[in-house]
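I opened the notebook with the model on screen.

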2 protein chains.
Amino acid sequence: MAERITPRSESYSDWYVDIVLQAKLADYSPVKGCMVIRPRGYALWEHMQRAIDDMFKATGHVNAYFPLLIPESFIQREADHVEGFAPELAVVTHGGGEQLEEPLVVRPTSETIIWSMYKKWIQSYRDLPLLINQWANVMRWEKRTRLFLRTTEFLWQEGHTAHATAEEAREETLRMLEVYRRFAEDYMAMPVLTGLKTDAEKFAGAVETYSIEAMMQDRRALQSGTSHFLGQNFAKAFDVTFQTAEGSLDHVWASSWGVSTRLVGALIMTHSDDKGLVAPPRLAPTQVVTIPIFKNKNKTEVLAYADKLHRRLAERFRAEYDPDDANSPGWKFSEWEMLGVPVRVEVGPRDMENNTVVLARRDTGEKQSVDVEEAPEAVAALLEEIQSSLFARAKAFREENTREIDDYDELKAFFEADGGFAIAPWDGSPETEAQVKEETKATIRVLPEGNEKQAEGRTAIVSGKPARHMAVFAKAY
Amino acid sequence: MAERITPRSESYSDWYVDIVLQAKLADYSPVKGCMVIRPRGYALWEHMQRAIDDMFKATGHVNAYFPLLIPESFIQREADHVEGFAPELAVVTHGGGEQLEEPLVVRPTSETIIWSMYKKWIQSYRDLPLLINQWANVMRWEKRTRLFLRTTEFLWQEGHTAHATAEEAREETLRMLEVYRRFAEDYMAMPVLTGLKTDAEKFAGAVETYSIEAMMQDRRALQSGTSHFLGQNFAKAFDVTFQTAEGSLDHVWASSWGVSTRLVGALIMTHSDDKGLVAPPRLAPTQVVTIPIFKNKNKTEVLAYADKLHRRLAERFRAEYDPDDANSPGWKFSEWEMLGVPVRVEVGPRDMENNTVVLARRDTGEKQSVDVEEAPEAVAALLEEIQSSLFARAKAFREENTREIDDYDELKAFFEADGGFAIAPWDGSPETEAQVKEETKATIRVLPEGNEKQAEGRTAIVSGKPARHMAVFAKAY
């Protein structure tokens with residue numbers, strides 16, 4: 001119920017944790033940094049998985065599964081990769097009661113084990129492209145964790161593709177970035193910016209990293225998915241060559257890309273309010289709940305009416321029914337609001353007499369009375385309306401909190417106040433990027449497509465040199 | 001192609017490995033005992049998962065996710081459990097560059113971590129039953145491994161349910177056994193025996209273990225799924241009590257149940273032949289492949305005809321199309337037979353003239369010519385026919401190789417010859433069970449329902465005492 005949730009105005013981070021715990025999305029586990037994903041949280045992830053997997057298959061990808069444990073020496077083959085991941089590894093040193101000859105690391109990501117297999121599978125251009133995705137758990141030893149947003153173990157998908165040319169691998173990298181953008185916007189109702197990461201922020205082992213970035217309600221950015229052009233880095237580290245159509249030998253070109261259970265955290269933080277979770281209808285574990293309102297004298301009739309309605313709704317939607325009489329209707333309304341169910345159907349004796357039902361929207365609280373026969377159609381329309389309205393609201397919020405800023409003092413003031421996304425001219429140097437981070441805590445989230453053109457003729461913040469990029473700065477999770 | 005596969009008559013185990021590797025279902029990995037599940041093998045698993053998951057949801061279960069790593073001390077809480085699993089554990093001793101205070105084991109199964117959470121979630125009878133399933137990877141350090149059948153890491157589902165009474169937990173145990181039986185028979189076309197395991201063969205920590213057992217083509221048994229009644233063992237180990245409806249305090253009753261990627265091995269060994277994989281249509285990664293047969297002079301017309309047909313088939317089935325002209329039709333027929341595609345559609349110039357196509361069955365090799373307009377309908381009917389025919393053939397094979405045997409010398413002779421399933425009267429003692437295992441290598445696979453009744457008045461093998469059970473003996477994987 002609402003009183004168990006800390007209001008956002010009081011503490012945004014307590015509010016977030018309260019929703020995760022009270023809406024039973026996840027729980028702390030006895031293993032440091034690892035969470036338990038409870039059924040309602042897992043259902044969100046399952047619906048995400050289904051939608052994303054369908055999009056992967058529609059773009060020609062297949063799923064496979066590679067080992068959890070990776071020989072430690074594999075991680076060390078790609079120089080940047082080991083530098084990035086070595087501090088975060090969990091290491092298995094014993095198996096079957098004996099010390100292992102070579103320690104095995106729990107995968108933090110699977111480029112190395114997968115490229116060791118690609119060496120076996122790829123000989124000729126006829127074996128390419130290889131478009132494989134894996135749904136798996138991975139582990140990165142984190143000092144500071146947050147439910148869903150940053151946990152030692154998390155669930156994700158990781159795509160690993162192999163191509164005959166750099167151009168094809170780059171196209172794939174951008175194709176999957178676009179898949180992520182569409183998923184975030186069409187299913188999560190979460191608007192995202194897309195673009196290139198700076199070298200300071202890119203994946204350990206990538207030539208280029210692209211990401212989708214969303215604005216949370218505290219105006220901070222959440223990196224929600226990444227797509228990497230890996231060049232020939234892993235092909236060279238694992239000596240994966242192929243015979244080209246012309247008969248010469250070349251190293252294979254690669255991409256990798258992933259989204260994780262972090263998306264569940266992104267979803268929660270984008271839409272929820274002080275009453276609890278607000279879930280976009282396409283992903284909501286329960287889309288509609290029917291709550292009968294009755295007194296003892298009319299209980300049988302109302303329950304029969306409500307039960308019949310619920311059954312009709314359940315044929316078409318993910319529907320629940322709450323006839324429990326241990327709690328008052330008001331208590332139940334709060335409870336289902338906390339759980340984030342997009343549409344509540346109320347049916348009482350008056351509705352029964354009039355052959356109507358009341359539909360209440362979770363996002364706005366608005367109610368409407370509709371003819372009972374038309375209830376399924378009305379619920380369907382309302383779910384669509386909520387889905388697009390959530391997106392529009394989140395997009396308006398991001399736009400309200402995005403500013404183009406040319407002056408560094410103004411940028412500092414922006415991040416000292418409420419902050420948000422600042423689009424500012426940047427000279428492209430790692431030094432000015434580092435200085436801004438040091439002085440404002442804001443980092444460059446992305447360099448959006450076409451930003452170089454927009455930077456022409458402008459003066460970069462910090463250095464006063466000619467700008468090379470228009471960069472999106474924000475404090476980030 | 002067929003010549004790459006060792007015939008069953010020569011070496012059954014080489015035949016199995018050849019199919020797994022040549023049909024690209026799985027591959028050996030650089031990590032000892034761990035396999036890579038390749039896209040065609042993973043597609044089989046995905047279709048299994050989807051069907052099983054739907055059956056779980058239809059029986060009221062929800063999915064969740066618990067941590068991969070379990071504190072070593074948790075495994076030790078239940079005496080039988082630690083005894084069973086301690087020799088098989090993989091142990092993480094280091095994380096984030098530091099030695100851990102307490103080692104963490106990679107889950108071999110999740111009873112302990114899950115019951116540590118159930119203690120937090122269960123207070124009252126109102127919280128019961130709790131019907132949770134998890135899809136996950138687990139690890140058991142195995143000395144001898146075989147692709148799919150026994151690997152150090154494998155994928156599985158594990159259901160963990162909590163109930164207010166022993167009776168309800170027992171009902172659940174049997175309900176899920178029946179779900180497994182239905183899945184094996186209706187989807188895998190694999191007949192199974194169901195029944196109780198003896199104490200010697202039961203799960204470490206269970207009061208009772210039930211299993212489904214299938215007969216492979218080498219007449220050995222493969223345990224294909226288990227369902228355990230756990231009594232209050234884990235509730236007591238983790239002190240999980242609840243307030244009953246009457247207000248008293250009781251320990252919770254439990255079941256757990258699982259099937260794994262071992263099922264992929266079971267499917268392969270049940271149906272395949274010397275030409276390669278035979279996959280039941282409901283689970284086959286590809287259900288129908290269209291192969292155009294053409295010469296240079298009619299290539300364009302035949303390809304147009306075949307492509308159009310393929311598109312129609314793809315609307316309704318998991319369909320592939322192989323117009324590649326680098327290989328002969330005969331070569332392609334062999335290749336797709338090896339991959340286990342149930343129906344091959346051949347279209348050549350004569351078919352085009354007559355508005356027909358040829359359908360070839362993978363299981364029997366039979367061909368039929370059908371009108372092109374009716375092809376999708378004919379393929380649908382043929383897939384159904386193949387599905388039931390595979391089941392009937394496997395069932396007949398099991399029946400031919402099942403014998404009721406009353407005499408111990410005869411039992412020994414049975415297992416010295418071809419073997420199979422022997423149903424024999426048993427006195428119920430662990431000593432005679434162990435002696436049979438020692439002397440014949442056969443173990444008791446299950447005690448089928450009603451076996452005590454059938455044993456009445458009969459004399460047990462080995463001891464000559466009055467029989468208490470009719471037990472199914474077999475050599476097993």
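Entry 1: I traced an open sheet of 6 strands, with antiparallel pairing. I read its order as β4(A)-β6(A)-β5(A)-β5(B)-β6(B)-β4(B). The model is predicted, and I kept that in mind throughout. Which strands stand at the edges? I found β4 (69-71) of chain A and β4 (69-71) of chain B there. Each has a single partner strand, so one side of each is left without a neighbour in the sheet. I noted a twist that averages 45° from one strand to the next.

Entry 2: I looked at how β5 (residues 90-95) of chain A meets β5(B) and found antiparallel pairing over 5 bridges. What is the bridge partner of Val92(A) in β5(B)? I found Val92(B) there. I also saw Val91(A) standing opposite His94(B) in β5(B).

Entry 3: I placed His94(A) opposite Gln99(A) in β6(A). I then checked the hairpin of these strands, which has 2 residues between them. Gly96(A) takes a positive phi there, near 55°.

**Entry 4: the contact between chains.** I turned to the residue lists and found 40 residues of chain B in contact with 40 residues of chain A. Which element gives the largest share of the chain B side? I read β5(B), with 6 residues. I sorted the chain B side by class and got 25 nonpolar, 9 polar and 6 charged residues.

**Entry 5: a second sheet, in chain B.** I found an open sheet of 5 strands with mixed pairing, in the order β16-β15-β17-β18-β19 (chain B). The edges are β16 (319-321) and β19 (367-371) of chain B. Each has a single partner strand, so one side of each is left without a neighbour in the sheet. I noted an average twist of 25° from one strand to the next. I checked β15 (residues 288-292) and β17 (residues 343-347) of chain B, which pair in the parallel sense over 5 bridges. In β17(B), I found Glu346(B) as the bridge partner of Ile291(B). I then saw α12(B) packing on the sheet, where it touches β15, β17, β18 (356-361) and β19 of chain B. The direction of α12(B) makes about 10° with that of β18(B).

**Entry 6: α9 against α12 in chain B.** I compared α9 (residues 299-316) and α12 (residues 375-400) of chain B, which pack at about 50° with their axes 10 Å apart. The two helices are therefore oblique to each other. I logged the crossing as right-handed. On α9(B), I found Leu309(B), Arg312(B), Leu313(B) and Arg316(B); these meet Ala375(B), Pro376(B) and Val379(B) in α12(B). By class, I read this contact as 5 nonpolar, no polar and 2 charged residues.

**Entry 7: domains of chain A.** I finished with the division of chain A into domain 1 (2-271), domain 2 (288-382) and domain 3 (403-474). How far apart do the C-alpha centres of domain 2 and domain 3 of chain A lie? I read 50 Å.

Key:
Residues numbered from 1 in each chain as written. Chains lettered and ligands numbered in written order. Predicted model: local features only at pLDDT ≥ 70, side-chain atom pairs only at ≥ 80, totals over all residues. Domains from an automatic or database assignment. Pairing = 2+ DSSP bridges. Helix = DSSP H or I, 4+ residues; strand = E, 2+ residues; numbered from the N terminus. Axes fitted to C-alpha atoms, helices over the stretch in contact; angles between N-to-C directions. Contact = placed C-beta atoms within 7 Å. Nonpolar A, V, L, I, M, F, W, Y, C, P; charged D, E, K, R; others polar. Parallel < 35°, antiparallel > 145°, perpendicular 65-115°, else oblique. Left-handed = near helix turned anticlockwise from the far one by under 90°.
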